[in-house]
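Me: I have a model open and want to go through a few spots in it. Can you take my questions as they come?
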Amino acid sequence: MRDRRLLALVISAATILLFGVYAVVAAPGAVVASPPSPAGDPEVRTNAVRAGESPNPVPASPPANLVTLTPATPNPNSGPETTATNYLTAWQGGDLAAMEGMVVDPPADFGPRHRGFDGDLRISSLSLTPGDLRHRGEDAAEMSFNGVRQVTGLGEWPFASVLHLESRFGVWKVRWTPETMHPSLKNGGSVRLEETEVRRPATVTREGVPFPQDSRAEDYFTGLGDTAVILKVREEPSGQVLRESPLPPTSGKKTTISQPVQAAAARALDGVSQPAAIVAVDVGTAQVRAVADTLDGREAFNGLYPPGSTFKVVTAAALLRGGLTPDSQVACPAGYTIPNGRSFSDSDGVDHGGVAFTTAFALSCNTTFAQQAYERLRDGQLRAEAADRFGFREKPGLSSCRIQPPGNPDELGSDAIGQNSVQASPLCMAEVAAAVASGVWKPAITTDEPPADSPAPVPLDEGVAAGLRTMMSAVVARGTAAQAGLPPDTAGKTGTAEVAGGGDHAWFIGYRGSLAFAVFIRHGGAGGKVAAPIAARFLNAL
C-alpha cells in the first residue's frame, strides 16, 4: 500500500514538471535563459539603439504568459564614480582607446581631437584630480575634476572641467563633449598657443632697457638683437589670455647710452640718403649718450673727416686767448688773400665790412678766420690750442682727431677753417662742443669712469669758454643755423667741409642743456641747410 502511494507521488511530480517546461517553451515572447558558458559566466546580450533609429515599439499590454526576469543587483564597482575615475585614469595615462570605450557614442575623431589638442598646445604631461560626484536622477550624474597640463616652454596650465555620465542599459558611461577637454572649447570655441618674440639683448641702455629698434648702434655694442620667446595660451573668439609665460629677466650689460636720446638720434637719421652719424655726450661726465651711425664701421668714433667751419670753435678759442673778445671789431670781406699766398672767400659772396667777432663767427666768415689766424696765430698757437685743450693729438681713447704743424701761412689759413691737415671724427667734435658747455675738455667714455689710460681733463680759461658760449648762441639766434628750426637755448656751429673729388661734408655741432652733440652727413652739402635741420629733428624729439 505504501509503495503504491510513493509511485503515485513520483508520477504526479513528473507530470507537473513536464507541463511547466512545455508552458515556458510554448509561451509567445518568453525569455529562455541560456545555458552557462564553459567559464561559468553568463553571456549578456544587449540590443543597442543606433543614432537616428527608433527602438522596437512596446506592446500596449504584455501577453498574460510573459515571464519577467528580475535583473541582478548591479556591481558597485561599475557605478558612475568608478567609471569617472577610470576615465580620468585612462586620460591621464594617454590611453585613448580605453577612454573611447567608456564614452557614449564617441565622435569618429575622438582620438585625433585629443592628439591634436595636445600637439598644437605642446602638452608634455597631464595630471587629473577627481572631485565630488553628483547624481542627476537615477540615470545621470556628473563629476567635477581639476587638471594641470604641462605646456613645453610655458609650464603648468591648470584648468577645471566636468565629466557628465549616464547609465545605458545598466552600464555607466561618459557623455563626452569638447568642453570635457577644456571649458573654452564649448560652443565651437578654440584654444591656441601663440609665440611672441621679445627683445632680450646682451647689452642694454643705462636705464636697463633694450636699445630702440633699428638703433643704428649695432657696430658699437654687441648682442642688441638677442631675443626671447613669450608663449600665450589664448581663447578664441573671446581673445582672453588663459596662460602666459613670464617675461624673461633682462640680464644685459648696462651702457652709458640713454634710451630716449638714442631713439631720437636714430630716428633723426631716418630718410637721410647719405651716410651719416649723430653722436651725443653728457656735458658733465662726457659719457656717450647716443651713437647712431650709417657710415662704414665705427666711423662716428674713429673716422677722420675735415670738420670744416665747426673747427672755428677751436680757432676762436685760440683767438680769444690771444686777445680778441666776442665784441672785438674784425673785417668780414667777401674775399681775402694771405700776403703772397692763397685767397679765401665766403660762401655768400657778400662783403660784410667791419663786424663784431661774434657776428663774423655767426656768419662763418672764412675770410675773417684766415686773416686773424695769419695775423695772430703764426707762432703755433692754433695747433697748441687744438692739441693741448681740445684733444687734437694722437692719444688713446674713443675718438679720433688730429692737426699737423702748418708748413706755411697758406696751410695755417686753411687749418683755421677746418681744412688742410685738420681731421676729426664726429665724436671728437662732440667733445669740442661739450668742452664749451662745461668749461672743461674731457675725453668721451662709454663706461662709468674713465679708463686708466684715458687723457686727463683740461680746464678751459673761463673767459674763453664764456666767449665761445656767446658766439655759438649767436649762430643759432641770427647766424647760419637760424633757419634750421632748432629749439630754444641751443648753441652750435655749422660746418661745410670741402672734399677733393666729392661733395661737401655737412656738419653741425652744439649743445643744449646737459647734452652736447655732433651731426655729420658725408657728402651731404651745406651744414646750415642739411646738418642743422637734422640736429633740430634730433633735439626736438627729446
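Predicted model: local features only at pLDDT ≥ 70, side-chain atom pairs only at ≥ 80, totals over all residues.

Me: Where does Glu166 lie?

Reply: Glu166 is part of strand E3, which covers residues 155-168.

Me: Buried or exposed? I mean Glu166.

Reply: Glu166 is buried: its relative accessible area is 16%, and the cut-off for buried is under 20%.

Me: What does the side chain of Glu166 make a polar contact with?

Reply: With the side chain of Arg168, at 2.9 Å. Beyond four places in sequence, Glu166 is in contact with several residues, among them Val104, Asp139, Trp172 and Arg175.

Me: Which order do the strands of that open sheet come in?

Reply: The order is E1-E2-E3-E4, 4 strands with antiparallel pairing. Strand E1 (123-135) and strand E4 (171-175) are the edge strands, each pairing on one side only. From one strand to the next, the twist averages 30 degrees.

Me: How many bridges join E3 to E4?

Reply: There are 5 bridges between E3 and E4, and the two run antiparallel. In that pairing, His164 stands opposite Arg175 of E4.

Me: What packs on the sheet?

Reply: Helix H2, residues 80-92, packs on it and touches E1, strand E2 (140-151), E3 and E4. The direction of H2 makes about 175 degrees with that of E1.

Me: Switching to rings. How many aromatic pairs does a search of the whole structure find?

Reply: The search finds 14. One of these is Tyr305 with Phe520, a tilted pair at 4.4 Å centre to centre and 40 degrees between the planes. Tyr305 is in the loop between helix H6 (299-302) and helix H7 (312-321), while Phe520 is in strand E22 (residues 515-521), so the pair links parts of the chain 215 residues apart.

Me: Which residues do ring pairs link into a cluster?

Reply: Tyr87, Trp91, Phe145 and Phe159. Arg149 lies over the face of Phe159, 4.2 Å from the ring centre.

Definitions and conventions: Residues numbered from 1 in each chain as written. Heavy atoms only, no water. Buried < 20%, exposed > 50% of the residue type's maximum accessible area, 1.4 Å probe, protein only. Polar contact = N/O pair within 3.5 Å; in protein donor to acceptor, adjacent residues only side chain to side chain. Contact = heavy atoms within 4.5 Å. Pairing = 2+ DSSP bridges. Axes fitted to C-alpha atoms, helices over the stretch in contact; angles between N-to-C directions. Phe/Tyr/Trp six-rings, centres within 6.5 Å; stacked < 30°, edge-to-face > 60°. Lys NZ or Arg CZ within 6 Å of the ring centre and 35° of its normal.
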